[in-house]
Amino acid sequence: MVNFTLRQWGVIAALSAGFIVAAIIVSKDSLTPQAVEVQAFDETVWCETANAISTWRSILDGSVDGDTLADTVNLQTTLDEARAIAPAELRTNVARLFDFALLMVQAVERADGDLALALLDAQSNTDQVRVQQAIASVSGSVEGCGHTPLTTPTA
């Protein structure tokens, strides 16, 4: 057991009081959940981003026709930005596509630039049913903006 002197007890009490006062001050400056402003959905901004997403649709439709690592990185970056501006009901699906694109970028780097091999790698590391549902959902919104859908409808 440690015996503190009166001076040491005084220092401990002063530090404790200082900590409590600082905690009270900080807690009063914190924002309440109601004070956080939610950004309104802007259809024009979303449709511009949807156009950019459709530019790299061959990565999402699985064909990777003529795409490069730079295209995959561009898709990933666009999806990252799109998560914040997408309609609320699409944000989870956009996030799922972002994760898929991130896995693609990582796989391309491991596969020395072989996109076809990277696509297979990324697909094996994701729940493809959910990824395909996300692609279909986002594609519908992209097409609703007047842009090329992310996948080619099959007959």
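Is cysteine 47 buried or exposed? Cysteine 47 is buried, at a relative accessible area of 14%. Buried means under 20% relative accessible area, exposed over 50%, and partly exposed in between (1.4 Å probe, protein chains only).

1. Basis. This is a predicted model: local features need pLDDT of at least 70, side-chain atom pairs count only at pLDDT 80 or more, and totals for chains, interfaces and linings use all residues. Residues are numbered from 1 along each chain as its sequence is written, and side-chain values use heavy atoms, with hydrogens and water left out.

2. Fold. The chain has 7 helices and 0 strands. Helices (H or I, at least four residues) and strands (E, at least two) are DSSP runs, numbered from the N terminus. Along the sequence the pattern reads α-α-α-α-α-α-α.

3. Disulfide. The structure holds 1 disulfide, a pair of cysteine sulfur atoms within 2.5 Å. Cysteine 47 is joined to cysteine 145, S to S 2.1 Å. The pair links distant parts of the chain, 98 residues apart. Cysteine 47 sits in helix α2 (residues 43–55), cysteine 145 in the segment after α7 (128–144). The S-S torsion is about -70°, so the disulfide is left-handed.

4. Aspartate 112. This residue lies in the loop between α5 (91–110) and α6 (115–124). Most residues other than glycine have a negative phi. Aspartate 112 is exposed, with a relative accessible area of 74%.

5. Burial. Of the 155 residues in the chain, 30% are buried.
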